[in-house]
Amino acid sequence: MKMTWPAVATVFAAAVLTGGCADGEGGAGQAGPAAPGRTQAGPIITPGDELPTEGSGDLPEATAQVGLDCKKMLREGDFAGTAQKMGQVASGGGTAGEKAVAKVCKAAAEANQGRYLQARDTIEDVQQAPEDLPAPMRPALLKMLNQSKLTSALALGDTESAKDAWGELEKLGGVPPEFLKDACSVASDPASLPECATVTSPPTTTESSPDGETPSGDAPPTNDEQSSEEPTESGPGPTDTGDPAETSREDGSTPQEGDDPAPAES
């Protein structure tokens with residue numbers, strides 16, 4: 001069956017318009033609108049400067065390299081790429097220490113993307129073998145892990161896990177107020193963690209209640225009270241018009257109409 005030139009042009013145009021969508025929302029090699037960085041609410045979890053990224057006698061070079069890659073990618077905001085790369089390391093043929101570092105980093109990248117269910121599963125995997133965390137990196141990794149746990153638990157409404165993560169973070173130096181505020185912003189129920197009340201405040205309103213009373217319960221002032229409080233202005237006093245009839249007598253009385261003055265005696 002032969003196709004006419006208009007039909008060929010139509011098919012070609014359709015292929016051009018739909019070709020860029022074959023690999024999903026972000027296209028090939030991209031992570032969608034959330035990468036680099038992200039747009040949803042919540043804290044950004046990244047390794048602190050205390051995370052060792054150089055090999056030493058107690059820290060193998062390969063393990064330190066995983067930590068270095070983690071820090072670099074998370075700080076650049078490539079959360080989707082971090083989760084993918086760390087997932088490969090965690091399921092690869094490296095040492096237990098390398099895999100443990102990769103899982104902690106992967107959980108943070110998932111939480112940063114708002115993928116709280118996946119982050120929770122990764123966190124639980126790490127918690128099954130905490131001894132695999134390399135000793136020189138353990139404090140920094142535990143801080144990252146519990147920050148991811150706190151954020152994910154609040155978002156998922158897991159009160160017990162949120163309180164547990166809070167307690168662990170307190171042992172590790174506490175939770176910065178700004179981080180807590182961001183974490184509480186994604187909480188399905190902020191009341192599940194009492195500490196959220198210290199960084200969030202309910203909006204204040206001045207709307208009156210249905211019965212007309214003010215929020216404080218005080219009744220509005222009555223008309224009499226309003227009139228007594230409002231200053232009154234006195235009108236202008238009488239003015240002298242020059243009319244003799246309006247002039248007071250010497251005895252203080254005012255002459256009345258028809259009261260003519262007595263004729264002068266001759």
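Predicted model: local features only at pLDDT ≥ 70, side-chain atom pairs only at ≥ 80, totals over all residues.
Let's start with the helix itself. Helix α2 covers residues 61-75, 15 residues in total, and spans 21 Å from its first C-alpha to its last, close to the 21 Å expected at 1.5 Å a residue. After the helix comes Gly 77, with a positive phi near 85°.

How do α2 and α4 lie relative to each other? Their axes are 8 Å apart and the packing angle is about 10°. Because angles under 35 degrees count as roughly parallel, α2 is roughly parallel to α4. On the α2 side, the contact includes Ala 62, Val 66, Cys 70 and Leu 74, while α4 brings residues including Val 101, Cys 105 and Ala 109. The residues of this contact divide into nine nonpolar, four polar and one charged.

Leu 74 deserves a visit of its own. Beyond residues up to four places away in sequence, Leu 74 touches Ile 45, Thr 46, Pro 47, Phe 79, Thr 82, Cys 105, Ala 108, Ala 109, Asn 112 and Met 144. In the largest nonpolar core, which has 44 residues, Leu 74 is one of those touching the most other members, together with Val 104, Leu 141, Leu 150, Leu 154 and Leu 193. Helices supplying at least two residues each to this core include α2, α3 and α6, and α4 gives the most, with nine residues.

Technical notes
Residues numbered from 1 in each chain as written. Heavy atoms only, no water. Helix = DSSP H or I, 4+ residues; strand = E, 2+ residues; numbered from the N terminus. Expected span 1.5 Å × (residues − 1). Axes fitted to C-alpha atoms, helices over the stretch in contact; angles between N-to-C directions. Parallel < 35°, antiparallel > 145°, perpendicular 65-115°, else oblique. Contact = heavy atoms within 4.5 Å. Nonpolar A, V, L, I, M, F, W, Y, C, P; charged D, E, K, R; others polar. Core = buried A, V, L, I, M, F, W, Y, C linked by side-chain atoms within 4.5 Å. Buried < 20%, exposed > 50% of the residue type's maximum accessible area, 1.4 Å probe, protein only.
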